[in-house]
Amino acid sequence: MSPNEPDAAARAILKANDRGGYTVPNGRVYPFQWNWDSAFVALGFDRFDRERAWTEIETLLRAQWDDGFLPHIVFWKDDPGYFPGPSVWGTGKQPVTSGITQPPVAATSVRKLWESAKATGEGERYRARLEALFPKLLAWHRWFATCRDFEQRGLVVAMHPWETGRDNSPEWDVPGEPIDVSKVGDYVRRDTSHLDSKMRPTKLEYDRYLALVQFGRSTGWDHARIAAENPFRVADVGMSMILLRANRDLAALANELGKCDEAGEVRGWIDRAERGIGWLWDEDVNAWCSRDTLTGRSSGFVTSASFLSFYAGLSGPRRDAAMRAHFDRIAGMVEFVMPSLDPADPGFQMIRYWRGPVWAVVNYMIGTGLAEMGDPDRANRVREDTLELMRRNGFYEAYSPIDGTGSGGDDFSWTAAIWLAWADGD
Ligand code: DGY
């Protein structure tokens, strides 16, 4: 491929997946708007259509509930090709949405969009749009501070594996065991009619996903009750790091807009996170891991999310050195970093969703964090591996870390967006 070819192909994917104001991750497998997908997609659009980039996030925030909650899927138009659709969620909202959220990347993306507009002299043109987005992002983060940090640990307690974005990570296996799947009933999956089932979660995992949806629905999607009673309540290392980073970006935006009270409120959440996040350090494996709040047990798995501490702006010599040692060990075992599960783990599977494959968006966050924390060599390895996967194989949902094979959906929006955001050196 000539150097410009992937660029043109990536733009074409975003345009083809644009449904008018929002972008579907992949038209067959995921035919609606997904929350964190859109946050990354906006970064891709920003490279050739700034207007459209802002619209992507504005459209997402149009689906925000009155309590600040921002759903993980917005079902703007019906599509029978996806399960579970609106009737299963039963949230009764307009627009129709799911009842769980997703990793809060949007504030970080909005800061990026704002800085890129300012850098090219267009800041004033976008200030009013930033002013309009800011209170919505703040309301969402406030919702996290209450409904996903019920015990004020300074962490994000996920109520559903889908909420973490890392659906079938082995981190959820043991915490998922108490979920009663006996009343789930019959259902027909659509994902495995689009994709090889070897790339997807198992039937038991799907039963658990649906049992949790049914529980949420039985509460009328009362997020306070869910926080207190849900059978799955895991402090997710990925979401906790991502929210800490997003709060730093939100505080910067508050300062930019002269909103001192709001900046103070966000600073309070950052302080709480910095005090509490050490609970996710696992001394036995010497790494950042998710921890079950119901049992207090660490997952003990080193995953790609473990490496997001740099992106979160955390630094400490002992833990950083341990994470760098894990990085070097894993980098020596694979052709392409960063596998979603440590390849030394017996459960590693190179094409099964979040049990091995490399995800471009996670790599983008890991690489960004490493670069910001003064580790250019490892940052370059992550970036170069990610771009090489796309050059060789196109824009897949994920890739095998062993041989680079694409896995999941092809022509994937957020992968194309990461190419655009990262290929020219940002
Ligand atoms: C799916 O359906 O696989 C999604 O990841 C849920 O968000």
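Okay, let's start in the middle. The largest nonpolar core here has 139 residues, and F40 and W288 are the ones with the most contacts inside it. One thing before I go on: this is a predicted model. As background, nonpolar side chains in soluble globular proteins tend to be buried together.

So what does W288 touch? Leaving aside residues up to four places away in sequence, its contacts include V237, M241, I277, W281, F301, L314 and M323. There are also S306, S309 and R319 among them.

Now, aromatics. How many aromatic pairs are there? The count comes to 32. Take Y353 and W359: their ring centres are 5.5 Å apart and the planes meet at 65°, so that pair is edge-to-face. Both of these residues are buried. Another edge-to-face pair is F395 with W419, at 6.4 Å centre to centre and with 80° between the planes. That one links distant parts of the chain, 24 residues apart: F395 is in the loop between α16 (376–393) and β8 (398–399), while W419 is in helix α17 (residues 413–422). Buried or exposed, these two? F395 is buried, and W419 is too.

Y353 and W359 also belong to one aromatic cluster, together with Y30, F32, W34, W36, F40, F75, Y82, W354, F412 and W414. You'll remember F40 from the core.

A couple of charges sit over rings as well. The charged end of R200 is over the ring of Y353, 4.5 Å from its centre. Over at W65, K93 lies across the face of the ring, 4.6 Å from the centre.

Last stop, S98, in the loop between α4 (86–89) and α5 (106–119). Why does S98 count as buried? Because its relative accessibility is 0%, and the cut-off for buried is under 20%. Its side chain reaches the backbone oxygen of I100 at 3.4 Å. Beyond its sequence neighbours, S98 touches W65, F69, P71, H72, I73, F75, W89 and T91.

Conventions:
Residues numbered from 1 in each chain as written. Predicted model: local features only at pLDDT ≥ 70, side-chain atom pairs only at ≥ 80, totals over all residues. Heavy atoms only, no water. Core = buried A, V, L, I, M, F, W, Y, C linked by side-chain atoms within 4.5 Å. Buried < 20%, exposed > 50% of the residue type's maximum accessible area, 1.4 Å probe, protein only. Contact = heavy atoms within 4.5 Å. Phe/Tyr/Trp six-rings, centres within 6.5 Å; stacked < 30°, edge-to-face > 60°. Helix = DSSP H or I, 4+ residues; strand = E, 2+ residues; numbered from the N terminus. Lys NZ or Arg CZ within 6 Å of the ring centre and 35° of its normal. Polar contact = N/O pair within 3.5 Å; in protein donor to acceptor, adjacent residues only side chain to side chain.
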